[in-house]
Amino acid sequence: MQKTVNERLAALLEEIGIETKRKIYWEETIESIQIVKTHPNKTDKDIRDVKVLLVEDQPSNRKTLEVYLKNKVGRIDIAENGKQAVEKFQKEEYDIILMDLQMPIMGGIEASLRIRKIEEDRGVERPTPIIAFTANYYSADKDISIEIGMDVYLSKPFQCKTIYELIQEYV
């Protein structure tokens, strides 16, 4: 199934100079979890060498993902909000970003827009994959996330194994 995401939002984003019209290639609801993906642009990098930026404001969620992934990936940097994520991204290169959408100070959508702008200014050929996750299952966040350039949308609660599988698919 391929469809253009939220045509009205796409038109508004294009008005302010953000390129859109991303295609969803896979969408699924498994029990209470919703996953939406765009086509992965893999590098075939060894998962044990992958540098992950985990952006999550809830300490328990952060720790759970960090403990699960720490022996599976090369390195995990932590940001507690979108502002910290943007600051870290300006200084460091990452292979993938795990981005909560609902956070204080700066949410995941604004942070992702800023990260995509940094990449545009740098002239990167392959944007860093961003996996968005949120507890707001019924919000418009799904459409907005994909439209602004995130690669995957995942609703909470999810299993850490799902995140690990997505990292493998997108890196």
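Strand 8 (residues 130-134) is mostly covered, with 5 of its 5 residues buried; buried means under 20% relative accessible area, with a 1.4 Å probe and protein chains only. This is a predicted model, in which local features need pLDDT of at least 70, side-chain atom pairs count only at pLDDT 80 or more, and totals for chains, interfaces and linings use all residues. Residues are numbered from 1 along each chain as its sequence is written, and side-chain values use heavy atoms, leaving out hydrogens and water.

In a regular strand the side chains alternate between the two faces of the sheet. In strand 8, Ile130, Ala132 and Thr134 point one way, while Ile131 and Phe133 point the other way. Strands here are DSSP runs (E, at least two residues), as are helices (H or I, at least four), numbered from the N terminus. Strand 7 (residues 96-100) runs parallel to strand 8 and is joined to it by 4 bridges; pairing requires at least two DSSP bridges. Ile97 stands opposite Ile130.

The buried residues of helix 6 pack against strand 8 and helix 2, among other elements. The axes of helix 2 and helix 6 come within 10 Å and cross at roughly 60 degrees. That makes helix 2 oblique to helix 6 (angles under 35 degrees count as roughly parallel, over 145 as roughly antiparallel, 65 to 115 as roughly perpendicular, the rest as oblique).

The table lists the residues in contact (heavy atoms within 4.5 Å).

| Helix | Residues in contact |
|---|---|
| Helix 2 | Thr64, Leu65, Tyr68, Leu69 |
| Helix 6 | Cys160, Lys161, Ile163, Tyr164, Ile167 |

Note on methods:
Axes are lines fitted to C-alpha atoms, for helices over the stretch in contact, and angles run from 0 to 180 degrees between N-to-C directions. Buried means under 20% relative accessible area, exposed over 50%, partly exposed in between (1.4 Å probe, protein chains only).
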